[in-house]
Amino acid sequence: MHYTKNYHLPQWEKSDRIMMDDFNAMCGNLEAGLEKTASDASKRSDQIQASADAAMAAANRAQQSAEAAQETAGSAYCPGNLPYSIGMYYGNDEKVSITLGYKPQFLIITAQREQANNEDICGVAIVGNMRGSSNMLSSVTFLENGFTVQNPGGVPNVGGQFYPMMNQRNKVYYYIAFR
């Protein structure tokens, strides 16, 4: 009797007697080989499934990161995130409060002019959020979420007026507030 090269299966010749032990051994070897192949395939299938699950989890994390990045990019530059705010207020000779949602670092305030005249020579005020005292700093108070404008105290300038006027009754004022 001869045997196959790779799996040592019996190869009977016409002159060989087929013995039950040889036949049973061959069937046992086939059974063991098939079981090992099935077991290996199952293990491999489990490994492939685990790899697929890990890849799916990584893809989900990447998707969440991409969505977060898109949200951040979408809100990075929009009107609510400009480095300044532009607005207006009406003077009332008392106190005007402006809400910005942030504490400004400095302001530019100007009044709407009906006509140019020599008495209104200083129509623009630039006020910084700094320590010290001046007529402008006594007129403007920086708040955590905006600023207030009120009549200044102290000695008036030429003609009994405080310059620059930043809260004259019924006058329209425009401002740019910088973050």
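Biologist: Which residue in S9 is the bridge partner of Met88?

Modeller: This is a predicted model in which residues are numbered from 1 along each chain as its sequence is written, local features need pLDDT of at least 70, side-chain atom pairs count only at pLDDT 80 or more, and totals for chains, interfaces and linings use all residues. Side-chain values use heavy atoms, with hydrogens and water left out. Strand S3 (residues 84-90) and strand S9 (residues 172-178) pair in the antiparallel sense over 7 bridges, where pairing requires that DSSP finds at least two bridges between two strands. Within this pairing, the S9 residue that partners Met88 is Tyr174.

Biologist: Which residues lie on the uncovered face of S3?

Modeller: In a regular strand the side chains alternate between the two faces of the sheet. The covered face of S3 carries Ser85, Gly87 and Tyr89. The uncovered face holds Tyr84, Ile86, Met88 and Tyr90.

Biologist: What is the strand order in the open sheet of 3 strands?

Modeller: S4 and S8 pair over 5 antiparallel bridges, with Ser97 standing opposite Thr148. S7 and strand S8 (residues 146-150) pair over 4 bridges, also in the antiparallel sense, and here Val140 has Val149 as its bridge partner. The order is therefore S4-S8-S7, where strands are paired if DSSP finds at least two bridges between them.

Biologist: Which strands are the edges of that sheet, and by what angle are its neighbours turned?

Modeller: In the S4-S8-S7 sheet, strand S4 (95-99) and strand S7 (140-143) each pair on one side only, and these are the edge strands.

Biologist: How many helices and strands does the protein have?

Modeller: Elements are DSSP runs numbered from the N terminus, with helices (H or I) of at least four residues and strands (E) of at least two. From the N terminus on, they run β-β-α-β-β-β-β-α-β-β-β. The totals are 2 helices and 9 strands.

Biologist: Which element has the highest mean pLDDT?

Modeller: pLDDT is the predictor's confidence in each residue, from 0 to 100. The protein has a mean of 80, and 78% of its residues reach 70 or more. Among the elements, helix H2 (residues 135-139) has the lowest mean, 61, while the highest, 93, belongs to S4.

Biologist: Which residues touch the most other members of the largest nonpolar core?

Modeller: Such a core is a set of buried Ala, Val, Leu, Ile, Met, Phe, Trp, Tyr and Cys residues joined through side-chain atoms within 4.5 Å. S4, S5, strand S6 (124-128), S7, S8 and S9 each supply at least two residues of the core. Of its 18 residues, those that touch the most other members are Tyr89, Ile109, Val140, Phe147, Met166 and Tyr175.

Biologist: Beyond its neighbours within four places in sequence, which residues are in contact with Val140?

Modeller: Contact means heavy atoms within 4.5 Å. Leaving those neighbours aside, Val140 is in contact with Leu107, Ile109, Val127, Phe147, Thr148, Val149 and Met166.

Biologist: Is Asn170 buried or exposed?

Modeller: Asn170 is found in the loop between S8 and S9 and has a positive phi of about 65° although it is not a glycine. Most residues other than glycine have a negative phi. Buried means under 20% relative accessible area, exposed over 50% and partly exposed in between, using a 1.4 Å probe and protein chains only. At a relative accessible area of 67%, Asn170 is exposed.
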